[in-house]
Amino acid sequence: MERGDFPEHRLEQDGGPGLEVVEGADVEQAIRERQDQPIPAALPVLALKEMVAYPDTLTPLAVGRPRSMRLVNDVLSGERMLALVASRNPEVDDPSPDEPYDVGVAGIVARMLKVPDGTIRILVQGTERVRMGDYVTEEPYLVARVEPMPDVVEPSAELDALTHNVQRTFTEIIEKIPYLPEELQLAVTNVEDPSALSHLIAGALRISTEEKQELLELVDVAKRLRRMSEILARELEVIQLGSKIQSQVQSEIDKGQREYYLREQLKAIQQELGEGDEQQAEINELRERIEQANLPEDARKQADRELGRLERLPPAAAEYGVIRTYLEWLVELPWSVTTDDNLDIAHARDVLDADHYDLERVKDRILEYLAVRKLNPDSPGPILCFVGPPGVGKTSLGRSIAKALGREFERISVGGVRDESEIRGHRRTYIGAMPGTIIRALRDAATRNPVFMIDELDKMGADFRGDPASAMLEVLDPAQNDSFRDHYLDLEFDLSDVMFIATANTLDPVPPALQDRMEVIQLAGYTVDEKLHIAKRYLVPRQIERNGLQRSQISFADAAVKAIIDEYTREAGVRNLEREIGSICRKIARQIAEGQKGKVTISGKRARELLGKRRYFAEQRRRTKDPGVATGLAWTPVGGEVLFVEATAMPGDGKLTTTGQIGDVMRESAQAALSWVRGHLKRVALGVEEDWFTSHDIHIHVPAGAVPKDGPSAGVAMAVALASLVAGRPVSSDVAMTGEVTLTGQVLPIGGVKEKALAAQRAGIKRVILPARNEGDVTEIPEHQREGLEFIYCETIEDALAAAL
Ligand SMILES: Nc1ncnc2c1ncn2[C@@H]1O[C@H](COP(=O)(O)OP(=O)(O)OP(=O)(O)O)[C@@H](O)[C@H]1O
Ligand SMILES: [Mg+2]
């Protein structure tokens, strides 16, 4: 079997390099002669691989097999005629009579070329279609009887239309596909015979051998053209589809090329400006940092996406900076950095004791927490909330806890925060957007499990910009805070390993939902004695060191510290005490720097000299020397306070005036106290005229007038002050009192007993008048904090009067 796939034009150019034209002198002549004669009854059969030859066309063939060469040689020396028949099975090299199809083409060998490799090329002019009959011989090559199969043509309009259609479609195809030579177009338009046309086209198409054979076997020309139309239409569609795909691919490539080109240009410009390298270096650095940051999957995706955008932007673009800042935030966050907890309880105890005097209850709670952690490392930690007056050690306790655990410590203040976005950040679309305070603090902590103190929870506000408390709620809720979402980052960050500690001076303004999530630990304040201890053990050594002094240069006598506590500070905590100690240290440091030699011992006297005018007095003695003044005890967010209730009378008709910025509730207690005293005039003050109250106006004032005060607990003090005024007997200077009164003279319990007791102690009070029902609160105050105080419990105003007057 032979192939016909070498280029046709090579043959027509009469050989090329290495081709020797052996035969073909006057081919036209030979063919003309042959065509006029009927074909022989039997012809040698050349089986074709993967090709079909047609009448009216030239078929080029490469002949290499010895059997076929022999055949060609015999044909050339004889009638020059053979039959070309497609093989059913192109795999078989030396076919038996079963292989060739039943229909083939009779043809004349028009030309032969010898190729230097020993094979030959022939060009066969197809003359007519033949049906293969019996095979006469099989050796040395196949020879078969053949029978002509002429076309069936019936001229009709349909045939014309089909012809035209085939012509047009094929022309269209030629224009679109490169493998068909252009001469073919000319040939197709010139051929008028429908049958010849169909053969020409069928020979040129690259369709399957089966289809080619099918076309050959269709004797009816109209049918053949119809079938051809179908095939051509399909081919055209395939070509069009292909070219569509092609053009899409092309436009993709064009786009890519355009971008590439522009980027190259940009690079060149940037290089000129000296920017490109910097940008690339920056991007490389960011990429490396992203790699190292060990981001969770979501964050990693986001980082890669943003980095991709960054690469495509010129550094001068405004967005460039925005994205770079964002990426820097991403990589700086401690996504997977943790510190290992030190759960050694003895160690923790040591650290806490080293930093803080007493505060046993708080320390115990912290050690319990550690113990639980140790037994169950996965238990969500409690959220502690330290509540107490300023300077009692809330913040510094937080620091100690971090130190004991071996964690980082971060502190944020939410005091004055009104805007949710301060906590949660602004979306990146805002100019100058930043993460909120939580994420910022975590970046500073550089670990994702710091001790995180949220200060001034009670001073957080709310307004139209959203409620920061709801954001805090999410932060502090162990059920939600493993997926805290900051607006700026727009990614979830796991806060569940953070140990939160909140602080507040009072719990009242803290939303109940927030209170519920926390374990509240109260710190009430210190007694004078405790302050003395704290000063000696912690504050003095710290201030000596901070001011660059040595212990060999300065020491404080107890009397000095006591003087500072009594005369220069009035506070529940020790912040001002420490400040005054610091101020003394500075003054001594200066004297030493100026050349003073020897150790300085700060006595009470020396302290007073250095600190100047005394700032606070034990006022009650002076204040209460006249009738009508009672010492009350009040609770405030900064601790217990001593306050004075002053009552005076002037000629009038029984009006009551109250001043001193007192609120409605306190005004009503004043009214109740007055009514009770009026109603019990006889018992309060013997010998006073019946009409005393109708001939006098009463004025009650509660200094300091500029500070707002409210609450019912000054009732007892008001009643006592009024009684003292009417009776003309001063109130004992060593007694202070607190309690609500009713019109029937009952004394009702009040809150803040511990703070009030401490305030009384600070003020040098000896006796405290309390509602009987507050006795339980007193027993809870540690012994040393009520040292020197006598508590008098009363059920009625009369009991209180008996004790006070
Ligand atoms: N029990 C204590 N032992 C040793 N030092 C103490 C003690 N209590 C407080 N201090 C010291 O008092 C100073 C003030 O304490 P801190 O700043 O913790 O107060 P705070 O309770 O956080 O007050 P604020 O409510 O104003 O924030 C710190 O220097 C702290 O070390
Ligand atoms: Mg604090």
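Predicted model: local features only at pLDDT ≥ 70, side-chain atom pairs only at ≥ 80, totals over all residues.

User: In what order do the strands of the open sheet run?

Analyst: The order is β9-β10-β13-β8-β14, with parallel pairing across these 5 strands. At the edges are β9 (409–413) and β14 (519–522), each pairing on one side only, and the twist from one strand to the next averages 20 degrees. Strands here are DSSP runs of E with at least two residues and helices are runs of H or I with at least four, numbered from the N terminus; two strands pair if DSSP finds at least two bridges between them.

User: How many bridges join β9 to β10?

Analyst: There are 5 bridges between β9 and β10 (residues 451–455), which run parallel; in one of the pairs, Arg411 has Met453 of β10 as its bridge partner.

User: Which strands does α14 lie across?

Analyst: Helix α14 (residues 394–405) lies across β8 (384–387), β9, β10 and β13 (499–504), and runs at about 170 degrees to β10. That angle is between N-to-C directions, on a scale from 0 to 180 degrees, with axes fitted to C-alpha atoms and, for helices, over the stretch in contact; contact means heavy atoms within 4.5 Å.

User: What span should α14 have?

Analyst: The 12 residues of α14 should span 16 Å at 1.5 Å a residue, and its end C-alpha atoms are 17 Å apart, which agrees. The expected span is 1.5 Å times one less than the number of residues.

User: Which of its residues are buried?

Analyst: In α14 they are Lys394, Leu397, Gly398, Ser400, Ile401, Ala402, Ala404 and Leu405, where buried means under 20% relative accessible area, exposed over 50% and partly exposed in between (1.4 Å probe, protein chains only). The cover over them includes α12 (345–355) and α13 (360–375) as well as β8, β9, β10 and β13. After α14 comes Gly406, with a positive phi near 75 degrees.

User: Switching to ligand 1, which residues are closest?

Analyst: The closest are Lys394, Thr395, Ser396, Arg542 and Arg575, out of 19 residues that surround ligand 1, each with a heavy atom within 4 Å of the molecule. The side chain of Arg575 has an N or O atom 2.7 Å from an oxygen atom of ligand 1, and a polar side-chain atom of Tyr526 lies 3.0 Å from a nitrogen atom of the ligand.

User: Why does Ser198 count as buried?

Analyst: Ser198 counts as buried because its relative accessibility is 1%. Its place is in helix α6 (residues 194–204), and, not counting residues up to four places away in sequence, Ser198 touches Arg224, Leu225 and Met228.

User: And where is Asn774?

Analyst: Asn774 is in the loop between β24 (767–771) and α28 (775–780). Its side chain reaches the backbone oxygen of Ile750 at 2.8 Å, and, leaving aside neighbours within four places in sequence, Asn774 is in contact with Pro749, Ile750 and Val753.

Conventions:
Residues numbered from 1 in each chain as written. Chains lettered and ligands numbered in written order. Heavy atoms only, no water. Polar contact = N/O pair within 3.5 Å; in protein donor to acceptor, adjacent residues only side chain to side chain.
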